[in-house]
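I opened this model to look up a few things about its helices, cores and strands. These are my notes, in the order I took them.

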Amino acid sequence: MASKRDYYEVLGVNKNANADEIKKAFRKLAFQCHPDHNQGEDSEAKFKEINEAYSVLSDDEKRSAYDRFGHAGVDGTFGQGFGQGFGDFGFGGGFGSIFEDFFDAFGGGGGRRSSRRGADLQQKISITFEEAALGCNADIRISRMEQCSNCSGSGSKPGSQTSRCSDCNGSGKVKRVQQSIFGQFTNITSCPKCNGEGNIITDPCPKCKGSGKERKEHNMKLKVPAGIDNGTNLKLNGQGDIGDKGAPPGDLYVAIEVKPHKFFKRDDTNVIYDLSVNFAQAALGTEVDVPTLYGNEKLKVPAGSQSGKIFTLKGKGIPHLRRNAKGDQLVRLIVATPEKLTKEQRKLFEDLEKSFAKGDKN
Ligand SMILES: [Zn+2]
Ligand SMILES: [Zn+2]
């Protein structure tokens, strides 16, 4: 992880690059390290790196997660060991599937996509202020495409035979020649007729009608890191819809909504709390119990404290998402004017007023 290069650096663009600049930079680099042009040993790794950078920076949502949290924002580090990040691009089938994106970028695409990656899914969860501040394990229930339980994903009726695909002679692969402004590319790509499987279903599974997939409800636990803020998206690699055979599953994006708190407000990693005291307490000084995320804290309000004064409870705020530190709790003093007075209180205030008036003359 630490050795991972910055995506902007990989594509050689600056942090403010627009979508067009990113696309251009990607095309140029992808062309340079295409295996037809570059037989270097690390060209595949290099291409993978470029493609990974592009897949994040070309997606607004992923890009903003990356900008905020770096690789961890898009790697699923927050998940519980779900998936392997971008580790799996299906290189077994050659560069075909990756290069489809590349060729599509030229507008010349053409090739049918035979093996599709599963769809990405979105889910929203609502957690409390404390859960967001201190972290929690949230329950998630999603409806997603999974392997058909009747045919174990084969798409064939259990016990039935499949027949060999005539287009690829059972190899599952076909040669494809692409023209581009850079010249001719030859790709070995998976056979569109049999979806790269080499055989054709003759008797489809009645449950999934040959797709090998079925929609299922799935429960999972999501480890929400301490310090997460409202509106953050967590990515769970490979937890979206299942892909076609040989293609990776989609990802699951979980949008975090933090419910407002009764009396705490958040400002970055600080917690803001309004403490209301009456005139007498503010004038004479007092000691009060102040609620914090970590239990009650005694706070001394010195005599003569003005409304609006801020007291800082060091380290009683919200943990930083990315480093081992916490914000503070800021206690804002509100000196409340009494709205109703008893007879006795009225008398006392009148006497007080007289006393103040006298004092003013001295
Ligand atoms: Zn089935
Ligand atoms: Zn075939």
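The entries below go from the overall make-up to single residues.

**Entry 1: overview**

I note at the outset that the model is predicted. I counted elements before anything else. The protein has 9 helices and 15 strands. I then looked up burial. Of the 362 residues, 29% are buried. Next came contact range. I took the contacts between residues at least 6 apart in sequence, and 65% of them join residues at least 24 apart.

**Entry 2: the α2/α3 pair**

I wanted the geometry of one helix pair. Two packed helices are described by the angle between their axes and the distance between the axes. For α2 (residues 19-32) and α3 (residues 43-57), the angle is about 165 degrees. Their axes lie 10 Å apart. Angles over 145 degrees count as roughly antiparallel, so α2 and α3 are roughly antiparallel to each other. I also looked up the hand of the crossing, and for α2 and α3 it is left-handed.

Which residues meet where α2 packs on α3? From α2 I list Ile 22, Phe 26, Leu 29 and Ala 30. From α3 I list Phe 47, Ile 50, Tyr 54 and Leu 57. By class, this contact has 8 nonpolar residues, with no polar and no charged ones.

**Entry 3: the cores**

I moved on to the nonpolar cores. In soluble globular proteins, nonpolar side chains tend to be buried together. Here the largest nonpolar core has 18 residues. Those with the most contacts inside this core are Tyr 7, Leu 11, Phe 26, Ile 50, Ala 53, Tyr 54 and Leu 57. Which elements give two or more residues to this core? They are α1 (7-11), α2, α3 and α4 (60-69). The largest share, 6 residues, comes from α3.

With neighbours within four places in sequence left aside, Ile 50 is in contact with Val 10, Leu 11, Phe 26, Leu 29, Ala 30 and Cys 33. I also found a second, separate core of 15 residues. Among its members are Ala 132, Leu 252, Ile 256 and Val 331.

**Entry 4: strand residues**

I checked four residues in strands. For contacts here I left aside neighbours up to four places away in sequence.

Gln 123 is in strand β1 (residues 121-127). Is Gln 123 exposed, partly exposed or buried? It counts as partly exposed, because it has 19 C-beta neighbours inside 10 Å, and buried residues need 20 or more. Gln 123 is in contact with Ile 140, Ile 142, Leu 252 and Val 254. Gln 123 and Ile 140 are 17 residues apart in sequence, and their C-alpha atoms are 8.2 Å apart.

Thr 162 sits in strand β3. I find 16 other C-beta atoms within 10 Å of Thr 162, so this residue is partly exposed. Its contacts are Ser 156, Asn 199, Ile 200, Ile 201 and Thr 202. From Thr 162 to Asn 199 is 37 residues along the chain, with 6.1 Å between the C-alpha atoms.

Asn 278 belongs to strand β11 (residues 270-278). It has 12 C-beta neighbours inside 10 Å and therefore counts as exposed. Asn 278 is in contact with Ala 336 and Pro 338. I also looked up Thr 337, which is 59 residues from Asn 278 along the chain. The C-alpha atoms of Asn 278 and Thr 337 are separated by 6.7 Å.

Ile 310 is in strand β14 (residues 310-313). Ile 310 touches Leu 330, Val 331 and Arg 332. I recall Val 331 from the second core. Ile 310 and Leu 275 are 35 residues apart along the chain, and 9.6 Å separates their C-alpha atoms.

**Entry 5: positive phi**

Last, I looked up backbone angles. Ser 152 is not a glycine, yet its phi is positive, about 55 degrees. Ser 152 lies in the loop between β2 (136-147) and β3 (162-164). Asn 169, also a residue other than glycine, has a positive phi near 55 degrees. Asn 169 is in the loop between β3 and β4 (173-180).

Asn 169 counts as exposed, with 12 C-beta neighbours inside 10 Å.

Technical notes:
Residues numbered from 1 in each chain as written. Chains lettered and ligands numbered in written order. Predicted model: local features only at pLDDT ≥ 70, side-chain atom pairs only at ≥ 80, totals over all residues. Axes fitted to C-alpha atoms, helices over the stretch in contact; angles between N-to-C directions. Parallel < 35°, antiparallel > 145°, perpendicular 65-115°, else oblique. Left-handed = near helix turned anticlockwise from the far one by under 90°. Contact = placed C-beta atoms within 7 Å. Nonpolar A, V, L, I, M, F, W, Y, C, P; charged D, E, K, R; others polar. Core = buried A, V, L, I, M, F, W, Y, C linked by C-beta atoms within 7 Å.
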